[in-house]
Amino acid sequence: MKKHLLIITIILVGILLLPVHVAADNVLTAGQPSVFDAPDDGQLSVYDDSSQAVQAGKHRLYLPTNTPTPIENYRWPTRKLKIYMDTSDRPIQQAFKGAVQAWNRTGAVHIKWCRNESQADIIARDGALSNTGAAPGVGYVSAQLGSTNTEYNPDTNALIQARSTLDASHLDYASRSFRTEVAEHELGHALGLAHAPEYVHSVMIPRNIRTGITHNDRKTLRQLYDVGR
Ligand SMILES: [Zn+2]
């Protein structure tokens with residue numbers, strides 16, 4: 001049943017010619033709240049843009065290079081974004097609200113809550129995330145805490161929609177601040193940020209998001225949305 005759903009999804013994606021990026025994040029639920037990366041974290045691209053890249057060049061959104069926190073090859077075409085709350089789980093709502101405030105404080109984007117899902121750029125939801133990736137060791141349980149799906153147009157580098165999911169069943173055990181940090185990480189993906197290597201001080205390090213949004217993340221987002229350093 002799930003397999004069929006996946007096939008249908010891939011066909012749909014193929015028809016729409018939209019690459020889908022899924023960022024999956026795992027975390028230890030026993031012991032420290034450190035986030036693990038799923039081994040298959042990456043990009044499902046069913047679109048070959050090599051032939052059209054040159055023609056579409058002038059329509060492409062500007063993407064900065066050498067940002068402190070790595071970025072994906074896409075961003076929103078506008079800094080004013082709408083987000084829709086697609087969950088009634090209070091702790092998850094709090095986490096998303098806190099994360100939206102935190103990203104808005106960077107001054108790079110202005111994310112506003114909206115009541116109409118069809119008008120939203122970003123969907124904030126909760127859901128049971130599958131347990132991907134092997135358990136890191138005996139005595140540990142690895143579980144996925146958050147995941148973000150993005151759709152973008154490879155001709156223009158423009159994001160079309162992002163869906164961030166937090167797993168309430170796992171995050172209900174965590175502290176409020178940790179939940180918010182996981183939401184910050186997922187919304188970071190929804191804004192175009194990629195995973196950061198361990199040596200960068202960033203909320204986008206899958207194994208350690210406890211820093212929250214850092215100076216590097218703020219600077220990167222401001223470069224990405226071209227609002228100065
Ligand atoms: Zn991630």
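Trainee: Starting with C114: buried or exposed?
Mentor: C114 counts as buried, because its relative accessibility is 14%. Buried means under 20% relative accessible area, exposed means over 50%, and partly exposed is in between (1.4 Å probe, protein chains only).

Trainee: What kind of model is this, and what are the ground rules?
Mentor: This is a predicted model: local features need pLDDT of at least 70, side-chain atom pairs count only at pLDDT 80 or more, and totals for chains, interfaces and linings use all residues. Residues are numbered from 1 along each chain as its sequence is written, and side-chain values use heavy atoms, leaving out hydrogens and water.

Trainee: Back to C114. Where does it sit?
Mentor: In strand 5, residues 110–114. Strands (E, at least two residues) and helices (H or I, at least four) are DSSP runs, numbered from the N terminus.

Trainee: What does C114 touch, leaving aside neighbours within four places in sequence?
Mentor: K82, I83, Y84, Q119 and A120. Contact means heavy atoms within 4.5 Å. I83 is 31 residues from C114 in sequence, yet their C-alpha atoms are 5.8 Å apart.

Trainee: Zoom out. How many helices and strands?
Mentor: The protein has 5 helices and 8 strands. From the N terminus, the order is α-β-β-β-β-α-β-β-β-β-α-α-α.

Trainee: How much of the protein is buried?
Mentor: Buried residues are 48% of the 229. On contacts with a separation of 6 or more, 69% join residues 24 or more positions apart.

Trainee: Now helix packing. How do helix 2 and helix 4 cross?
Mentor: The axes of helix 2 (residues 90–104) and helix 4 (residues 176–190) come within 8 Å and cross at roughly 60°. Axes are lines fitted to C-alpha atoms, for helices over the stretch in contact, and angles run from 0 to 180 degrees between N-to-C directions. Helix 2 and helix 4 are therefore oblique to each other. Under 35 degrees would be roughly parallel, over 145 roughly antiparallel, 65 to 115 roughly perpendicular, and the rest is oblique.

Trainee: Which residues meet there?
Mentor: Helix 2 brings P91, I92, Q94, A95, F96, G98, A99, V100, A102 and W103. Helix 4 brings R176, R179, T180, A183, E184, L187 and G188. By class, that contact has 10 nonpolar, 4 polar and 3 charged residues. Nonpolar covers Ala, Val, Leu, Ile, Met, Phe, Trp, Tyr, Cys and Pro; charged covers Asp, Glu, Lys and Arg; the others, Gly among them, are polar.

Trainee: How covered is helix 4?
Mentor: Mostly covered: 13 of its 15 residues are buried. Helix 4 reaches 21 Å from first C-alpha to last, close to the 21 Å expected. That expected span is 1.5 Å times one less than the number of residues. Just after helix 4, G192 has a positive phi of about 110°.

Trainee: Which residue other than glycine has a positive phi near 55°?
Mentor: N66. It lies in the loop between strand 3 (42–44) and strand 4 (80–86). N66 counts as exposed, at 77% relative accessibility. N157 also has a positive phi, about 65°, and is not a glycine. N157 is in the loop between strand 7 (142–153) and strand 8 (158–166). N157 is buried, with a relative accessible area of 8%.

Trainee: Last one. Where is N216?
Mentor: In helix 5, residues 215–224. N216 counts as partly exposed, at 21% relative accessibility. Leaving aside neighbours within four places in sequence, N216 contacts P68, T69, V200 and H201. S202 is 14 residues from N216 in sequence and 6.4 Å away, C-alpha to C-alpha.
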